Structures are given as structure tokens and as C-alpha cells.
Amino acid sequence: MSRIRSAIIIGGGIAGPVAAVALGKAGIEATVYEAYETRADGVGGTLSIAPNGVDALAAAGLGGIVEPVSTPITAMVMRNGKGRRLASLGSPAGLPDQLLVWRPELYRALHDAAGQHGARVEYGKRLVAIEQHDASADTETGTGGGVTAVFADGSRASADILIGADGIRSAVRSLIDPAAPAPRYVGLLGFGAEVPAGPVDPSRLDPTGSEMHFVFGRRAFFGYVLAADGSGGWFANLPRATSMTASEARAVGADEWLRVLRETFADDRLRAVDLISRTDPAQLVTVGGMEDIPTVPTWHRGRVALVGDAAHATSPSSGQGASLAIESAVQLARCLRDLPYPEAFATYEAMRRDRVERIIKMAQRTNSDKAAGPVGRVLRDLMMPIAMRLMNPESFAWPMRHHIDWSAPVTSAGAAGTTPLVSVASSSA
Ligand SMILES: Cc1cc2nc3c(=O)[nH]c(=O)nc-3n(C[C@H](O)[C@H](O)[C@H](O)COP(=O)(O)OP(=O)(O)OC[C@H]3O[C@@H](n4cnc5c(N)ncnc54)[C@H](O)[C@@H]3O)c2cc1C
């Protein structure tokens, strides 16, 4: 039986609301504190939720909440800029399709579900400091003490534990480890947009159906879906030697970026230019430099632990960041359900670290393909079709085969978090 009764969750993105619901299921009352004044309904862009993310949502009791607001993707088709098909990856055998969802829709679905499950979310609460009480004694016993979150507006909140679900620029991560690594630029700027239905020259229309198409263009990478009525969504990854923050990139202006992107893809035989030309500048999502963090040394300290991008930020190229955030939120709740918190945190880390860091590494390789120079492009275009034919499909599918059995008890991994797990009741083939 858990000795923890209450939790503060910092961050109301993806991991935060899921952690709140999963902790509630584990008998721990959780309140989410989000820095922004409202939920992030206006923040655009698409996200794919992989089968492992769908599985983890179901384990938390949130099964079926994404399906009504998403589109299933049956295959990912890779082409080069000349239109040559390099590879096609269908959904791995026995797994559901991944789900393509607009980020605002996902946030809305998660926040609505969290509310229905009784989790409270407070907006306009930016964490600036953490006070841990009796931390050294607690670490020994898992009893007594508490933790207080201090917010920028001067208000405070206290609970038994605090969970940092505050994303890739986590304040909680820096507060528990001032030497924690900063995000690393992966060499690509990110853009995306939704394009409404409209009159399109039928000879220029090549609908993708339920597939998502990815193009390794001559100068940049483009991903898109396109429906028969001309509506669709796209994202582009533009190689650039130096990073730009989101605000620096936005200061350049949407019209200018759309011009740059049209020029970038002008020599490629693909639908990018059509889709970019039909994009309303007001709808352009300018992400700035895409980032990851290869490893975060400290996942927990005293009564505080990290989940989601705060602990394991993979670059968007993995298509797994949201799904891993959901998995970690659920696994942390299972550990806290069954173990006193010091052991729960160590067990959670032992359960998760290898898996997430392996996926972060896989995404690094994809980033190199996206930013390939002329020689790299030739090699990539030659090798990718061969590699795909020879590849064991499981080398692509394993991240998606992760399953969480909510009802299985969690066994301690040892306080140091390094002892191999005997039984964690989750599988990651
Ligand atoms: C362009 C782009 C495309 C992506 N595409 C995909 C994809 O297709 N598939 C996929 O799985 N993943 C994708 N990702 C990654 C995915 O978005 C993240 O992995 C995921 O959002 C992580 O969830 P999280 O809850 O940990 O963090 P976030 O979703 O970033 O949420 C963190 C929350 O914490 C809040 N916060 C921050 N600081 C504080 C503070 N001090 N106090 C209180 N609140 C705070 C923030 O306002 C935010 O609401 C993409 C990312 C980007 C940038």
C-alpha cells in the first residue's frame, strides 16, 4: 500500500494530466499546476500517438479518448525529392494504427478527461521554487515531511510529493539538479500547418488516404497528409547550422518563412510547394530549433521526480515523445501505488531509463538522414530501400510493442535504482 496521499504535478501538457488521472486511480490525490493562464488549445501542430501511447492511455483508464479526435495512419511512406519511393512501413502486425491528432485537440481531450476523473488543474501557476521538508530523513523511511511548490504569483501549494511534468525546459529538473543538461539543438528548424479544403487543380492532387507521406527532399524534410478535398496538414524540418528560439524564428515572420520553404522545396517533385502555397500565414506553426536531451542524470531527488520531456526529451523525429510521456506518467503512478516513494522513484527510473534513451538515440539517426548533405543523400537514397528490405520489422516495431499491465504489482528495483528488475509487469520487447 502506498504511503503517499497527495501529489503536486507541475505542467499541464501531456504527461501532467495523464499522471493526475493515473495517480487518482492509484489512490493518490493530485493537482496539476500549469504556467499558462488557459489550457494550450491555441497551440497548433500535429502529433502522432503511437500504439504504445494508446496502450498506456488505456492502462490509466483513458482508453478511447484520442480516437474521436484523431485520424488513424495505416502506413508511413518515405520518398526522396525526385518522387522515388524509398520505403513504406505499415502498422506492425497485431498493433493498432497510430493516431494523428492536432495538438490542441489532444490537450482538450486530456484535460476534459482529467476533469471527469476528478483531477484539479490550476492555470496561471508558474513554479519558481521547491521546498522539501525533512528530505534526508524521508529518503530513509518514506514517511513524514512534505514538499512545497512556490509559484511566481507568490502562492504556494504543499503535498507529499511533487512531479515535474514541465516539459523539455523543465524548471523542476534544474531545481533538483542545477547541473542538469540543457536541451541540445539537433540541426533542424521545425514548421507545420493545417491547410483547409479548397479548390485544387485535380492534376496536382495526389491524396494520401490513410497514409502519411515523408519526403527526404534535396534541401529539407517534409511530411504531409492530403485529403481528396484538398485539405491536409504538413510539417517541414529545415536544416540550419545554428539554432533559433521559437520567438526568434517567429520574429522573422510567417510570410518570410513560407517564402523560404517554397524556395527550399522548389526543386523537389512533391506536393510540398502546393501545400505551402495554400497555407494561411496565420496558421503557420513556427517551432524554432528542434531539440532533444540524450540523457538526464537525475530523475528524482527526495520527494520530487520527473516525467515526460522533463526526464526524457526525444526530438520530434522519433514520433514517440508524447507516447513515452504517457507511458512514464502511468508507470510512475503504478510504482507509487505499490511502493514507498523513495523506492517507487528508483524503480520507476530503472523501469524506464534504458527504453527512453534508446529511442532518443534512434531519433538522432533520423535527424542525420533529414539533414544529409549531397553525398549523404546519395548514400541514404541507395541504402534506405535495401536496408528496409533486409530490416527485421521488429527493429522498427519494438518501441510500439510496449504494454502496461496496470493490475500487475510492481516489485522494488532497489533504492539505488540500479538493481535489475525482477518483475515490473510491463513489457518492452
Ligand atoms: C514540432 C514538434 C512535433 C512533435 N511531434 C511529435 C509526434 O508526432 N509524436 C510524439 O509522440 N511527440 C511529438 N513531439 C514531442 C511531444 O510534443 C513531447 O514529447 C510531449 O509534448 C511531452 O509532453 P510533456 O507533458 O512532457 O511536456 P509538454 O507537452 O511540453 O508540457 C509541459 C507543460 O508544462 C508547462 N510548464 C513549463 N514550465 C512550467 C512551470 N515552471 N510551472 C508550471 N508549468 C510549467 C508548460 O506550459 C506545458 O504546458 C513533438 C514535439 C515538437 C516540438
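Q: What share of the contacts in the protein chain with a separation of 6 or more comes from residues 24 or more positions apart?

A: Before the answer, please keep in mind that this is a predicted model. Of the contacts in the protein chain with a separation of 6 or more, 74% are between residues 24 or more positions apart.

Q: How many helices and strands does the protein chain have, and what percentage of its 429 residues is buried?

A: The protein chain has 12 helices and 21 strands. Buried residues account for 53% of the 429 residues.

Q: How do I describe the way H1 and H3 pack?

A: Two packed helices are described by the angle between their axes and the distance between the axes. For H1 (residues 15-25) and H3 (residues 103-116), the angle is about 25° and the axes are 9 Å apart. Angles under 35 degrees count as roughly parallel, and H1 and H3 are therefore roughly parallel to each other. Their crossing is left-handed.

Q: Which residues of H1 and H3 meet?

A: From H1 come Pro-17, Val-18 and Val-21, which meet Leu-110, His-111, Ala-113 and Ala-114 of H3. Sorted by class, this contact of H1 with H3 has 6 nonpolar residues, 1 polar residue and no charged ones.

Q: Where does Gly-115 lie, and is Gly-115 buried or partly exposed?

A: Gly-115 is part of helix H3. With a relative accessible area of 44%, Gly-115 is partly exposed.

Q: At what angle do H2 and H9 pack?

A: H2 (residues 51-59) and H9 (residues 321-338) pack at about 30°, and their axes are 8 Å apart. That makes H2 roughly parallel to H9. The crossing of H2 past H9 is left-handed. Residues making the contact include Asn-52, Gly-53 and Ala-56 of H2, together with Ser-323, Leu-324 and Glu-327 of H9. By class, the contact of H2 with H9 has 6 nonpolar, 3 polar and 1 charged residues.

Q: Now for the strands. In what order do the strands of the open sheet of 3 strands come?

A: A general idea comes in handy for any sheet. In a regular strand the side chains alternate between the two faces of the sheet. In this open sheet the order is S9-S10-S11, and the pairing is antiparallel. Strands S9 (127-133) and S11 (156-159) stand at the edges with a single partner strand each, so one side of each is left without a neighbour in the sheet. From one strand to the next, the twist averages 20°.

Q: How many bridges pair S10 and S11?

A: S10 (residues 146-151) and S11 pair over 4 bridges in the antiparallel sense. For example, Val-150 has Arg-156 in S11 as its bridge partner.

Q: How do S5 and S6 run, parallel or antiparallel?

A: S5 (residues 75-80) and S6 (residues 85-90) run antiparallel and are joined by 5 bridges. Look for Ala-75, which stands opposite Gly-90 in S6. The hairpin of S5 and S6 has 4 residues between the strands, and Gly-83 there takes a positive phi near 90°.

Q: Which way does S14 run relative to S5, parallel or antiparallel?

A: S5 and S14 run parallel, joined by 6 bridges, and Asn-80 stands opposite Phe-216 in S14. S14 (residues 211-216) is mostly covered, as 5 of its 6 residues are buried.

Q: What do S14 and S15 form?

A: S14 and S15 form a hairpin, with 4 residues between them. The two strands run antiparallel and are joined by 4 bridges. Val-215 has Phe-222 in S15 as its bridge partner.

Technical notes: Residues are numbered from 1 along each chain as its sequence is written. This is a predicted model: local features need pLDDT of at least 70, side-chain atom pairs count only at pLDDT 80 or more; totals for chains, interfaces and linings use all residues. Side-chain values use heavy atoms; hydrogens and water are left out. Two strands pair if DSSP finds at least two bridges between them. Axes are lines fitted to C-alpha atoms, for helices over the stretch in contact, and angles run from 0 to 180 degrees between N-to-C directions. Angles under 35 degrees count as roughly parallel, over 145 as roughly antiparallel, 65 to 115 as roughly perpendicular and the rest as oblique. A crossing is left-handed if the near helix is turned anticlockwise from the far one by less than a right angle, and right-handed if clockwise. Contact means heavy atoms within 4.5 Å. Ala, Val, Leu, Ile, Met, Phe, Trp, Tyr, Cys and Pro count as nonpolar, Asp, Glu, Lys and Arg as charged, and the others, Gly among them, as polar. Buried means under 20% relative accessible area, exposed over 50%, partly exposed in between (1.4 Å probe, protein chains only).
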